[in-house]
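Please open the structure in your viewer and keep the selection tool at hand. The tour below goes from one selection to the next and says what is found at each stop.

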Amino acid sequence: MTPQDQVVDIDALEKEFQERIDAEKKIEPKDWMPEAYRRTLIRQISQHAHSEVVGQLPEGNWITRAPSLRRKAILLAKVQDEAGHGLYLYSAAETLGSSREQMIDDLHAGKAKYSSIFNYPTLSWADVPAIGWLVDGAAIVNQVALCRTSYGPYSRAMIRVCKEESFHARQGFEGMLALARGNEAQKKMCQDAINRYWWPALMMFGPSDAESPNSAQSMKWKIKRFSNDELRQKFVDQTVPQIEYLGMEVPDPDCKWNEERGHYDIGEMPWEEFFAVIKGHGPCNHERLQARQKAHDEGNWVREAALAYQKKQADKKQSVA
Amino acid sequence: MTPQDQVVDIDALEKEFQERIDAEKKIEPKDWMPEAYRRTLIRQISQHAHSEVVGQLPEGNWITRAPSLRRKAILLAKVQDEAGHGLYLYSAAETLGSSREQMIDDLHAGKAKYSSIFNYPTLSWADVPAIGWLVDGAAIVNQVALCRTSYGPYSRAMIRVCKEESFHARQGFEGMLALARGNEAQKKMCQDAINRYWWPALMMFGPSDAESPNSAQSMKWKIKRFSNDELRQKFVDQTVPQIEYLGMEVPDPDCKWNEERGHYDIGEMPWEEFFAVIKGHGPCNHERLQARQKAHDEGNWVREAALAYQKKQADKKQSVA
Amino acid sequence: MSDLTQQEALFTYTLRLADNALILGHRLSEWCGHGPFLEEDIGVINTALDLLGRCRMLYSYAGEVEGKGRDEDDLAFHRDEREFTNYLLMEQPKGDFAYTTIRQFYADVWNLHFYTELCNSKDETLAAIARKVVKECRYHFRHNAEWVKRLGDGTEESHQRMNDAIAEASRFVNEMFEMDEVDQVMVDAGVGVDLNVVKEKWIASVDQVFADATLQRPEPEYDRSGGRKGLHTEQLGFLLAEMQYVQRCHPGLQW
Amino acid sequence: MSDLTQQEALFTYTLRLADNALILGHRLSEWCGHGPFLEEDIGVINTALDLLGRCRMLYSYAGEVEGKGRDEDDLAFHRDEREFTNYLLMEQPKGDFAYTTIRQFYADVWNLHFYTELCNSKDETLAAIARKVVKECRYHFRHNAEWVKRLGDGTEESHQRMNDAIAEASRFVNEMFEMDEVDQVMVDAGVGVDLNVVKEKWIASVDQVFADATLQRPEPEYDRSGGRKGLHTEQLGFLLAEMQYVQRCHPGLQW
């Protein structure tokens, strides 16, 4: 095969690949795919997996302090779901030829990203339901779109994740409602959590379309199906009425209903903060990575022992056979 | 000098030594003393020093949880005093040719003892004033006697210790009084602390005279000046009226005033527990030694650095000179 | 004759089981997000959730038996250190993964045999709870027995860590088999479980797993005890301060 | 024009100083009984006691300024995480002795220069407190500067630990020199201290001691801040749970 033949082959494959995508057919692990598609997906899926794993930490911070046994159980179960999501997202990324170990090393080395929202601290109990409602709520808006993403394993993982996240978001809202209907201290806690998580939640959708360079290719590949701003608008439109229902205030004086557009307008987002957090300079970037690294390091001997034991068992079986 | 000469010399020295003691003169570090006197004193003083150091732990356990800033300050200052007592008791023992390092190693190795009272846990805030009042109170009864002990440095250390311990005991009683005059929860806490610390405090005076084999020699040397039971009685006689003043109950149904003896009678002490605790099987023996060992181990690099720096500084001075 | 009424005994009996589940679950939940790998993060939370569910059923029932209108949260968040009745083993800090594994295994084996027996309780509610719980216990036992084997017969380091953990935990074991008046009243009434029976089975199960794990069960030099009388180690106070803080700051609210 | 009344500013100003002293003293007091050797156990407690005494004077004065009848204990034990205004550095866990030393040294230098300036405050009470405090500060500074030198220029291990501690602490430094509205109102009124002045002196003092200690002061890659707005790290909540627990369980009592 000459280089010329290869080029022809790849062109043909790429064409066929794009036709499958245009026809809304799923790409499966064994299918041919462009290297860039594979890399983009690995980056996106592993980033998503890391977000689930790191995302255990802010809420997990309140497990030992939850104010009632029922809330403690809901919270524990939620954090468990996140670990589960991490697990099947890592698996989905592994179908693309990446290894979990490599992905985790990249996370700890600061090479791989995770959602910036988890770099904010949880400072009161209200942050727990606020995260469930706002953060999982925003995640769902993103992920509902991803349920129809072109890569089969990712799409199927997203369908499962979305189902559980919806449940979390509802539980989160219910938790906020309990506070909103509570005493003055609880109401204050509730509003304070909204104030602190509102902008970070909106920023979960990424930079504005004008500043989002990778979007066009991802849209074409149907890895991404809506623009950042479209998704953000969707989230704002569904969330503002919920804040009003709670009897709380949207922490944005410019946020109002725009009759003409049929959408809520919002004020200028604190982008400087957004980019600082992305760059690793958010309130908890240091602590989150440190916590993960520590857990990993302290788990080394456990993983080694499990492997050694497995090997011993296999050897035993072999020597019996 | 033949062995015969030595024997004669020692007999003479011992006689002279005992005469000094009988005349209530102090023995000083450079004076000749019998080896057994030296060993007994090192054991007793280092044991006392260890008690001060380990004794920081039970009360120290409540520093971060003290219920008011004033009580926190009193507690901190008290624990600091204990560290100070430890320091000058170690120094007193060092005048007898022992080294602090050796004494600490003996403590950690379980060879040296410390007062059993510190092997009981502090389970509520009330334990803090209870210890100040009962434990320091019992210690004082012991130590007042020791202010006139025959060994000079020990005697002087005891005079200083006693002054501070009296202050602690008064503060402890004042703390108990605040609880006794408080609400139901505070009263309950107060009584509970008395219940748990009463017998251990009485046992601080050691086994009953009948079972105290080393006492005779120590009395003769005036290392010890009263018998265990005499001191215990003194403590009971001064403490029972205080418990009554608090409006609390003595946790001993057999404790009553004996008109004839002019003393309070007490019930049978739980000796089995006493000997178990002495043997290292008390509630916190394990934890106390572990905590001290850990502090010491984690302090290794600090002590090494301090020595290295000192040497560097000395070298610098020398090279300048 | 005992001074304890059957009702008082049943309340205390149930409360103790609840306290054990709550406190052990709390210690386990401290691993959440910090486990050695993701699958075991999930595994640990799973057990913690079962323990939490268990304590909720038991607290609710205890509150009902007591008849003073206390609910699960009153019993979990508004009792102080001296009122908690869990075994001392449950409240010890989580330590390393070896300590957590050994502690959990010891508790799992106890729970398995205890709740198996409790299925025969004449108290319908306790028996029903036991029947539900015993299924979880079987799973926990299998799961943790595997870990004991993996770590005991894994690497030199893991074996050493397991031995250290066993040495550290063993003084808290015998407390779990002490029978007191409450137990006796409950056993006599056909409600409670004879802990001597549990002890025999516990030893057999532990020894069996330890044999596979190349570990040895030591006879402790001495025993710690007192949890049931509220005579805890100094660890519990800090645990409760953390666990109860929000409730104590804002008593009597809905969350 | 500021919306802040002078009274409000003075209250907040005093409260912040009190919070810093309380929280730093708390972290320091965690070493009590666990220090590297007895003399330093005493030294650590000594500083912790000074900090505690300082926060008591400041809380009492803050309560007086506020005029709502809150005393030192109300302010220390009955405010929640979002109401505490200490710098983030103060609330960080004690770490190893190197971290404690660096944190304390950073705070000591800040305190020394800050309270030296505050001696000139037009507010008589603050000036009087400052005059008392500045004496302690001089002693703390000398004491800790010696430790920085000992550990920085001690062994290879101690030098490495100090470098790690500096790396860990440095992102919290610049917060200590931020000037906000409260500071400005107080400076304008001749009551408060210009933190730019403190910063210059702080840098000079730290660099001087670090030079002797063979250590380097890094320019942090980024800064953490927010303590004064009650935007803390996740560490403070646990500290408060422990510190306030008894008071929260039994509010409004005498102790």
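Which side chain meets that of Arg196(A) in a salt bridge? Select Asp127(A), whose side chain meets that of Arg196(A) at 2.7 Å, N to O, a salt bridge being a side-chain nitrogen of Lys or Arg within 4 Å of a carboxyl oxygen of Asp or Glu. The pair links distant parts of the chain, with Arg196(A) in helix 8 (residues 184-203) and Asp127(A) in helix 6 (residues 127-146) of chain A, 69 residues apart; helices are DSSP runs (H or I, at least four residues), numbered from the N terminus. Both residues, Arg196(A) and Asp127(A), are buried, where buried means under 20% relative accessible area (1.4 Å probe, protein chains only).

This is a predicted model, in which local features need pLDDT of at least 70, side-chain atom pairs count only at pLDDT 80 or more, and totals for chains, interfaces and linings use all residues. Residues are numbered from 1 along each chain as its sequence is written, chains are lettered from A and ligands numbered from 1 in the order in which they are written, and side-chain values use heavy atoms, with hydrogens and water left out.

Next, select Lys78(B) and Glu82(B), which form a salt bridge (3.3 Å, N to O) and lie four residues apart, about one turn, in helix 4 (residues 69-94) of chain B.

Finally, move to chain D and select Asp183(D) with Arg228(D), a salt bridge whose closest N and O atoms are 2.5 Å apart. Asp183(D) and Arg228(D) are both buried.

How values were computed: Helices (H or I, at least four residues) and strands (E, at least two) are DSSP runs, numbered from the N terminus. Buried means under 20% relative accessible area, exposed over 50%, partly exposed in between (1.4 Å probe, protein chains only).
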